[in-house]
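Please look through the following report with the sequence and the 3D view side by side, and find each named residue as you come to it.

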Amino acid sequence: MAETSLSGWFKGQIPNSWFEGTPEITTDRDEIWVVGRLAEPDFTDDDGDDLRRDARLARIAAFREDTRADRVTIARRAERAFDRKVSWGARCGDQEAMFTILASPAMTRLRMPEREVLDTLVDVGVARSRSDALAWCVRLVGERQEDWLAELREALEQVREVRRRGPAA
């Protein structure tokens, strides 16, 4: 199913009262993330940063609890329709929280120098296991090489478009 169709499906399923605007839909081969923006609490000029942060986090927590049953129902429908797990999240101001996100295994074969890197991260306490160390490395690349990864994704989308326009198999 096309990305726009997937977004349309969720737009039709999610009650209008849940989010301000259309939720952001992000997908990969295993999972669909649905993240929506919640209305800000009413603040006064005297409200400090800590109060604002706590109020926003409380708004997200209340949304999570109040919508749990309906989110589960929508997620089950989506999982049948798209054959992927659904994870939910919410933003309020500068605060964001994801609910029950999927952690997918990724098999890899590493040679000794690569395993030594992971073992060093475990030995010094950066990670609890080789698996955690590998996830830490992937997150670090994602954070430090964001522009480069965006260029790669853009190039991949261009390749997909050329394939779509190509001759039928």
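## Cysteines

Cys92 has a relative accessible area of 0%, so it counts as buried, because buried means under 20% relative accessible area. Cys137, in contrast, has a relative accessibility of 22%, and is therefore classed as partly exposed. This is a predicted model, and the count of disulfides in it comes to zero. For a reader new to the term, a disulfide is a covalent bond between the sulfur atoms of two cysteines.

## The largest pocket

The largest pocket of the model has a volume of about 1200 Å³. Its lining is made of 30 residues, and those closest to the centre of the pocket are Ser104, Ala106, Ala135, Val138 and Arg139. Two or more lining residues come from each of strand 1 (24-27), strand 2 (31-37), helix 3, helix 4 and helix 5 (146-165), and helix 4 gives the most, with nine residues.

Val138, one of the residues closest to the pocket centre, lies in helix 4. Its relative accessibility is 57%, so Val138 counts as exposed, because exposed means over 50% relative accessible area.

## A nonpolar surface patch

Which residues make a nonpolar surface patch of about 260 Å²? The patch is made by Val124, Val126 and Trp136. Of these residues, Val124 can be found in the loop that runs between helix 3 (112-123) and helix 4 (130-144), and with a relative accessibility of 59%, Val124 is counted as exposed.

## Salt bridges

The number of salt bridges in the model comes to 13, and a few of them can be followed residue by residue. One of them joins Arg91 to Glu96, with 2.8 Å between the closest N and O atoms; Glu96 has a relative accessible area of 42%, so it is partly exposed. Another is formed by the side chains of Arg128 and Asp132, at 3.1 Å from N to O. The two partners fall into separate classes of exposure, for Arg128 is exposed at 73% relative accessible area, whereas Asp132 is partly exposed at 24%.

A further salt bridge brings together the side chains of Glu157 and Arg164, at 2.9 Å from N to O. Glu157 has a relative accessibility of 36% and counts as partly exposed, while Arg164, at 53%, counts as exposed.

## Positive phi angles in two loops

Where in the chain is Asp83 placed? Asp83 sits in the loop between helix 2 (49-82) and strand 3 (85-92), and although this residue is not a glycine, it has a positive phi of about 55 degrees. Its relative accessibility is 69%, and Asp83 therefore counts as exposed.

Thr100 likewise has a positive phi, of about 40 degrees, although it is not a glycine.

Note on methods: Residues are numbered from 1 along each chain as its sequence is written. This is a predicted model: local features need pLDDT of at least 70, side-chain atom pairs count only at pLDDT 80 or more; totals for chains, interfaces and linings use all residues. Side-chain values use heavy atoms; hydrogens and water are left out. A disulfide is a pair of cysteine sulfur atoms within 2.5 Å. Buried means under 20% relative accessible area, exposed over 50%, partly exposed in between (1.4 Å probe, protein chains only). Patches are made of residues with over 30% relative accessible area and no salt bridge: like charges are joined within 9 Å, nonpolar side chains (Val, Leu, Ile, Met, Phe, Trp, Tyr) within 5 Å. Accessible areas come from the Shrake-Rupley method with a 1.4 Å probe; for residues, only the protein chains shown count as cover. A salt bridge is a side-chain nitrogen of Lys or Arg within 4 Å of a carboxyl oxygen of Asp or Glu. Helices (H or I, at least four residues) and strands (E, at least two) are DSSP runs, numbered from the N terminus. On a 1 Å grid over the protein atoms alone, a cavity is a set of points where a 1.4 Å probe fits but cannot get out, and a pocket is an open set with protein on both sides within 12 Å along at least five of seven lines; lining residues have an atom within 4 Å of a point. Grid points are joined across faces, edges and corners, and a volume is the space filled by probe spheres set on the points.
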